[in-house]
Amino acid sequence: MNLRFECPYCETALEVPPLLAGKPVRCPFCQGQVAAPFTPDGGSLLKARPPLPNDLLLTRKQLLRGILGLFLLGCLLFLVGLLIGYYS
Ligand SMILES: [Zn+2]
């Protein structure tokens, strides 16, 4: 029996063969990468697990934000240093 689940990106009902359970599949509608669920169709649609690439993307975003924060802090310290040098 095929696995049926909803694409978390475009919410299209997808159907994949059972041998793809737990494996990453590409949504044919939005090309988003989705991890197919392990549970076979029980009559209702299952929400697919959040895909891994998105998690990695989020981590990278957080990393970038951290770097940006450090950079801004560095700029601030530099400016403060300049002001102190200017006024002394
Ligand atoms: Zn989709």
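This is a predicted model: local features need pLDDT of at least 70, side-chain atom pairs count only at pLDDT 80 or more; totals for chains, interfaces and linings use all residues.
Visitor: Which residues of strand E1 make up its covered face?
Guide: Residues are numbered from 1 along each chain as its sequence is written. Strands (E, at least two residues) and helices (H or I, at least four) are DSSP runs, numbered from the N terminus. In E1, the uncovered face holds Arg4 and Glu6, whereas the covered face holds Leu3 and Phe5.

Visitor: In what sense do strands E1 and E2 pair?
Guide: Two strands count as paired if DSSP finds at least two bridges between them. Within this pair, leucine 3 stands opposite valine 16, and phenylalanine 5 has leucine 14 as its bridge partner. E1, at residues 3-6, and E2, at residues 13-16, are joined by four bridges, and their pairing is antiparallel.

Visitor: Is cysteine 7 buried or exposed?
Guide: Cysteine 7 lies in the loop that links E1 to E2, and its C-alpha is 9.3 Å from that of alanine 35, which is 28 residues away along the chain. A residue is buried if 20 or more other C-beta atoms, placed from the backbone, lie within 10 Å of its own, exposed if 12 or fewer do, and partly exposed in between. Because cysteine 7 has 20 C-beta neighbours inside 10 Å, it counts as buried.

Visitor: What is the phi of glutamate 11?
Guide: Glutamate 11 belongs to the turn of the hairpin formed by E1 and E2, which have six residues between them. It counts as exposed because it has 12 C-beta neighbours inside 10 Å. Most residues other than glycine have a negative phi. In glutamate 11, by contrast, the phi is positive, near 60 degrees.

Visitor: Where is glutamine 31 found?
Guide: Although it is not a glycine, glutamine 31 has a positive phi of about 65 degrees. With 9 other C-beta atoms within 10 Å, glutamine 31 is exposed. Its place is the loop between E3 and E4.

Visitor: How far apart in space are proline 28 and threonine 12, C-alpha to C-alpha?
Guide: Proline 28 sits in the loop between strand E3 (24-26) and strand E4 (33-35), and it counts as exposed because it has 10 C-beta neighbours inside 10 Å. Proline 28 and threonine 12 are 16 residues apart in sequence, and their C-alpha to C-alpha distance is 9.4 Å.

Visitor: Which element of the chain has the lowest mean pLDDT?
Guide: For the chain, the mean pLDDT is 83, and 78% of the residues reach 70 or more. Among the elements, E3 has the highest mean, 93, while the lowest, 55, belongs to residues 46-47, strand E5.

Note on methods:
pLDDT is the predictor's confidence in each residue, from 0 to 100.
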